[in-house]
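Here are my notes for your review. Please read them with the model open beside you.

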Amino acid sequence: MTRGPQTFLKWAVLNAEEDYPNADLSEETFHAILTVGNTALAELWTRKLTDWDFAKDPRWAEATSARTEARRQRVYERLGFGSDVRKALDITAPIDKEPGSDVITDRFIPWYTQERASQNAFYWPKYRELLERDGWKPAAIAHLDEATHSVVERLSDPEQEAIRQAKGLVVGYVQSGKTANFTGVAAKAIDAGYRLVIVLGGMYNLLRAQTQRRLDKELIGQENILRGADPADPDTLIGIDYIGDDDEWDNFISFGARPSALGHFDIERLTTRDKDYKSLQQGISALDFEKRIRTARLYDPRNLHHAAARIVIVKKNATVLTKLVKDLKQVQPLLGELPALIIDDESDQASVNTIDPNRVTDSEKKRRSAINGLVSQLLALLPRAQYVGYTATPFANVFIDPGDSNDIFPNDFLISLRRPEGYMGVQDFHDLNSVISREDRTVANSQELAHVRSIYDSNNDLLQEALEAFLLTGAMKLYRISQGCSDKPFRHHTMLVHESVSQADHTELALRISMLWHEAAPLSHVSLDRLHALYDSDFGPVSEARANGLPVPTSFEELRPHISRARQLINKGGNPVVVVNGDKDSDYTREELDFDRTPNVWKILVGGTKLSRGFTVEGLTITYYRRKTKQADTLMQMGRWFGFRPGYHDLVRLYIGRKESFGRGKTIDLYKAFEAICRDEEDFRSELRRYADKTIDGRPLVTPSQIPPLVSQHLPWLKPTSRNKMFNAELLEIRSPGQPIELLTYPLSADATARNTERWQPVLASLSTTPVACGLVADSATPLARTFQAATTVVPHADLLAVLSHLEWEGKNRFTPHLRYLSQLDGQLAKVDDWLVITPHLTERFQISASVLGHGPLPLHRRSRQDDKVAFGRISRDVHRTYAQQLIDAAYVASPTPTGILSVGRHRGVVLLYPVVEAETDIEVRSVAATGTADPSRVIMAFTLISPRSAIDSKRELVRFSTKDPSRRDAVIVDAL
């Protein structure tokens, strides 16, 4: 049924008549087999139904949309199944309705149709088969297929005569499977006709070698690897880098014969696992693309689909890239015919030009930083080359000047990948949107309590406890293996210690760790007592609540027999600690850090930059992190504790500095810094999602060049990226129907605060004196129904706008783009009649109230500014914001007419209003309220606004931009945030 679902019974009878002439093919039998749990049958049907669910506009679907109930029912109709089988298959293979990738794109010419994609498909189907063999779920493969298709269809048609370079950016999550995506893109691009693939595999040999092996295993395959002598080194057989030296060689893709012998085409490697690119001794021979039709161009289909493809995987090193550029120049006449693909892994690192064009002389205008200049040369040499950058931290890339045609700004597309199932990211360590009050949180409902251990005191840095946690979690993994769990997820077991970028610090820290490790004599009473206490207070309760069916010891005594074996594995080779820094592979032995070839790496890794970019630390369970930086993207990349943790999600722990010295007399909270980055990242992704795939009269609502102003910044001192990478346009207006608007930088001046408070006087005067109960409805996103008391009122739109338009702000007024939108909701853009104002009360034991400007008493909310002493972290509480959002969303769906104080219709917005006292403790708040009347200069009237979801003209743009320099309207102007 490769062409789509067909009448199943006819197909079954036809296939059974010779070998199984008496088979019972009734629907009742089929239903019975499905419902008794036939795993093989369930997997086959799940895979096939998922394919049909995801199929993009197939002829048989009759205009039903992918991944909908209508599409599934159409499939069942084509198969001819009755209701019982349909119900059983719905349970066996439920429709995957998780959102796919978000695409911001410029217009492009569609060419990569499903028919075109299947014409010469060879490497993509083989890669897909490998993923199935490796245990990928059908939905995960289908999402990968969909995402990679979105990339390839936006590249230029490799068969077309016209020359066009497309440049794009794919945004994933840190350690979330970006390599799988670009492997899939490479496979599909090669099948489609791209004949030179250059992968820029990070800046270090570690990452380049890891990337080379991954592509060798999953794309290039055994028969292409074993192809005789290396032209650059005739005495060396290509393939010797794996045979007899890699435990997984048998798991590499195998085609059964050289692809060219099977009627397809080969892939030739110009780099190997252990050897980066070297100047070709034969020069042109390795890059000589043979043509079947000499008089035709290479991109002619008659030549293209018979020529072997070349893959070169190089690190971003000036010396290496210069060699590649030099060799390509030797065959320059051919390059104008050569469809090429440049994949830039970690594209925000080194690839971005850091020379500010506004700060150099006219004669230096074309000067670029080293790697950026070499990438630009590659694009100039290869006019048919397409550039696709990959990163989890895109801010440096989107701040590139889109007006510079020689640079790598993703003018053609930006794709934000979905968060994959099973991925453990920032959200798994922070309670970002929890509606559960802090006092009610437990290890069962709080990510922070389950996984994060805070370091407040340098004299009590918890390093010894972290080492004991590493030993204990190793024993837990061995226990699970003994209880029948597969040992595959537990092959490697690692701990990462990251305090500094200094190599001298690494050496000193490694020595200290070794001393602490060896001082704890194995199985001594003191050591066992500490482990026992740590298990009872931490790992036992957390695993009991979060193991999700995985085996958990009933007591420490049941775990104890595995502790000695765990320590032996960690001590293997004599030293439990491996220092990972420098730029030389000789710094580590194979046994210490080669996750691919070594059966078990159970080590404590001490390192810095080399382990903070791209390189996957397998089996990472315990992280001890105290390194500081002022760049959000750099900090996020250091989050090596993000990734997939199958079988040991509950064992992951992060020991992180909460009060780290940062300049003279200053400290920073690294946990809060990561939380701020998470909010920056999620805000950015939600903005992309908001504008993705939306058009006005056939043109995109937002193009990639308009992305930079969508980058937010929750901590002023923590910049999105380094200052010499930040280029952006001026944002004039943000239209945000149904989206929260919350400002965090209120005035520091007491006089300005008092003036702002007085401007809210008309609203405060109308607030109800009797609190009303606000009830949060339980749903899939907020499983707990909760209530809170609040003072309320309804304010006409014009009156609220009069208040908002006169407020004063600290620093750059970031409210202006929102105010421009709100001012048009009087009927110009859309119509908002009035606003429901909610001033939430606290629970009785935390309630501190006072009169404000003679009104009230009103609840005073305690908030503290961030480390920069300018911005608050967040004003509104999650439970209040969720309640307000539910009111707005329900009004849009049901369109009720407001009948009560808490009723919201399609033309009413919601305001959460908080009288905030800037204080660290309740005692300070009580001092403000001591007289019963709060000083208006001490009370910040903070607010969150949510306009109705209908408050927008669907034909109007949601964001408006301008350039600060009218003479450079197509360029992005430097404006450091």
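1. Salt bridges come first. A salt bridge here is a side-chain nitrogen of Lys or Arg within 4 Å of a carboxyl oxygen of Asp or Glu. By this rule the count comes to 49. The model is predicted: local features need pLDDT of at least 70, side-chain atom pairs count only at pLDDT 80 or more, and totals for chains, interfaces and linings use all residues. Residues are numbered from 1 along each chain as its sequence is written, and side-chain values use heavy atoms, with hydrogens and water left out.

2. Overall make-up. The protein chain has 31 helices and 34 strands. Helices (H or I, at least four residues) and strands (E, at least two) are DSSP runs, numbered from the N terminus. Of the 977 residues, 57% count as buried. Buried means under 20% relative accessible area, exposed over 50%, and partly exposed in between (1.4 Å probe, protein chains only). Contact means heavy atoms within 4.5 Å. Among contacts between residues at least 6 apart in sequence, 79% join residues at least 24 apart.

3. E248 and K217 meet through their side chains in a salt bridge, at 3.3 Å from N to O. E248 sits in the loop between β5 (233-237) and β6 (267-269), and K217 in helix α10 (residues 205-220), so the pair ties together parts that are 31 residues apart in sequence. Both E248 and K217 are buried.

4. A partly exposed pair. In the salt bridge between E808 and R755, the closest N and O atoms are 2.7 Å apart. E808 lies in the loop between α28 (797-804) and α29 (816-822), while R755 lies in helix α26 (residues 750-759), so this pair ties together parts 53 residues apart in sequence. E808 is partly exposed, with a relative accessible area of 22%. R755 also counts as partly exposed, at 36% relative accessibility.

5. A strand-to-strand pair. R908 forms a salt bridge with D834, with the closest N and O atoms 2.7 Å apart. R908 is in strand β31 (residues 908-918) and D834 in strand β27 (residues 834-840); the pair links distant parts of the chain, 74 residues apart. R908 and D834 are both buried.

6. A network. Salt bridges link R47, D51, R128, E132, D145 and K188.

7. Nonpolar cores. A nonpolar core is a set of buried Ala, Val, Leu, Ile, Met, Phe, Trp, Tyr and Cys residues joined through side-chain atoms within 4.5 Å. The largest has 68 residues, of which M495, I513 and I604 touch the most other members. Helix α18 (residues 463-482) gives the most to this core, with eleven residues. A second, separate core of 67 residues includes L807, L829, Y883 and V910.

8. The open sheet. Which strands form it? Eight strands do, in the order β1-β10-β2-β9-β8-β3-β7-β6, with mixed pairing. Two strands pair if DSSP finds at least two bridges between them. The edge strands, β1 (102-105) and β6, each pair on one side only. Strands β3 (residues 196-201) and β8 (residues 340-345) pair in the parallel sense over six bridges. V197 has L341 in β8 as its bridge partner.

9. A buried asparagine. N372 lies in helix α15 (residues 370-381). At 0% relative accessibility, N372 counts as buried. Leaving aside neighbours within four places in sequence, N372 is in contact with A350, S351, V352, N353, D407 and I408.
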